[in-house]
Amino acid sequence: MIVRCEITKGEAVRYLSHLDYAGAIERALRRSKLPLAYSEGFNPHMRMAFASALAVGVTSQAEYMDVTMTQEIPMSQVRERLVPQLPPGISLQELRQITPQHKSLMALVNGATYRITAHRRGGSGDPALSLERFNRESSVDYTRVTPKGRRDINLKEFLPEPVRFLETGSDIIMEMAIAVTPAGSVKPGEVLEVLAERYDLSVDPAGAAIHRLGLWVHEAGSYVSPMKI
């Protein structure tokens, strides 16, 4: 049996890497004494899979994972056993049983939405005008530098909708949708960096709070939760 779970990544675990986050959930699953399935071979691994890795420092209200079990068990018992074992900052929102015929989460999810809260720094620029200029562009180049080298990216290829400006004051709050593709994606922090450096958005990207609102199946202009498919 395969159980699809919707879980959170809260403030208490925001600075965990994806590997450490997955490890914390795996330890909770072990403590739950659920009938977990493992891979075969000399070094068996728990059969669990996530939809999309979340960057260090980013929180989320809706992450997804599939966990395979060796026998049928009511969803109410899965919840009762797992919830008390989860560490602070990780909560179980929803779960459902799926079949092996369901697409994997990585094959299913093709979009994510984020809310960014950034402290407004000194400057006379109008954030709404900065975003309007950025949204009008058909192409915005960005060079990602990693230990593996440099990669040129057109940010607009991964932004299916305009970045939305919500409000200002001491903070500037924005929301954006980002495509998740087999060729990769972009990080909301990269978009914010470009907005600050090239479009006069008066914020400090390094101090921004980034929160993933959800991972989605984006089809025909609508967003559907992986829990509904």
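**Close-up views of the predicted model**

**View 1. Asn154 and its surroundings.** Apart from neighbours within four places in sequence, Asn154 is in contact with Ser138, Ser139, Val140 and Asp141, where contact means heavy atoms within 4.5 Å. The model is a predicted one, in which local features need pLDDT of at least 70 and side-chain atom pairs count only at pLDDT 80 or more, whereas totals for chains, interfaces and linings use all residues. Residues are numbered from 1 along each chain as its sequence is written, and side-chain values use heavy atoms, with hydrogens and water left out. Asn154 belongs to strand β7 (residues 149-154); helices (H or I, at least four residues) and strands (E, at least two) are DSSP runs, numbered from the N terminus. Asn154 counts as buried because its relative accessibility is 16%, given that buried means under 20% relative accessible area, exposed over 50% and partly exposed in between (1.4 Å probe, protein chains only).

View 2. In helix α4 (residues 127-136), the buried residues are Pro127, Ser130, Leu131 and Phe134. They lie on the same side of α4, because they cover an arc of only 95 degrees around the axis, the arc being that of the directions from the helix axis to the C-beta atoms. The buried residues of α4 pack against β8 (164-167), β9 (171-179) and α5 (188-198). At the start of α4, a side-chain oxygen of Asp126 comes within 2.9 Å of the backbone nitrogen of Ala128.

**View 3. Helix α5 and its cover.** The buried residues in α5 include Pro188, Val191, Leu192 and Leu195. Among the elements that cover the buried residues of α5 are β5 (111-119), α4, β6 (141-146), β9 and β10 (209-219). Just after α5, Asp200 takes a positive phi of about 60 degrees.

**View 4. Salt bridges within the chain.** A salt bridge is a side-chain nitrogen of Lys or Arg within 4 Å of a carboxyl oxygen of Asp or Glu, and by this rule the count comes to 10 salt bridges. The side chains of Arg4 and Asp66 form one of them, at 2.7 Å from N to O. This pair links distant parts of the chain, with Arg4 in strand β1 (residues 2-9) and Asp66 in strand β3 (residues 59-68), 62 residues apart; both Arg4 and Asp66 are buried. Arg30 and Glu26 also form a salt bridge, with their closest N and O atoms 2.6 Å apart, and, because they are 4 residues apart in helix α1 (residues 18-32), about one helical turn separates them. Arg115, Arg164 and Glu175 are linked in a network of salt bridges.

**View 5. The contact between the two domains.** The protein chain is divided into domain 1 (2-102) and domain 2 (109-224), with bounds that come from an automatic or database domain assignment. The centres of domain 1 and domain 2, taken over C-alpha atoms, are 28 Å apart, and the contact takes 13 residues from domain 1 and 9 residues from domain 2. About 910 Å² is buried between domain 1 and domain 2, with carbon and sulfur atoms giving 51% of this area; buried area is the accessible area (1.4 Å probe) that two parts lose on being put together, summed over both. Between domain 1 and domain 2 the count is 1 salt bridge. The side chains of Arg212 and Glu63 meet in a salt bridge (2.7 Å, N to O). Arg212 counts as buried because its relative accessibility is 2%, and Glu63, at 2% relative accessibility, counts as buried too.

How values were computed:
A polar contact is a pair of N or O atoms within 3.5 Å; within protein, one must be able to donate a hydrogen and the other to accept it, and residues adjacent in sequence count only if both atoms are side-chain atoms.
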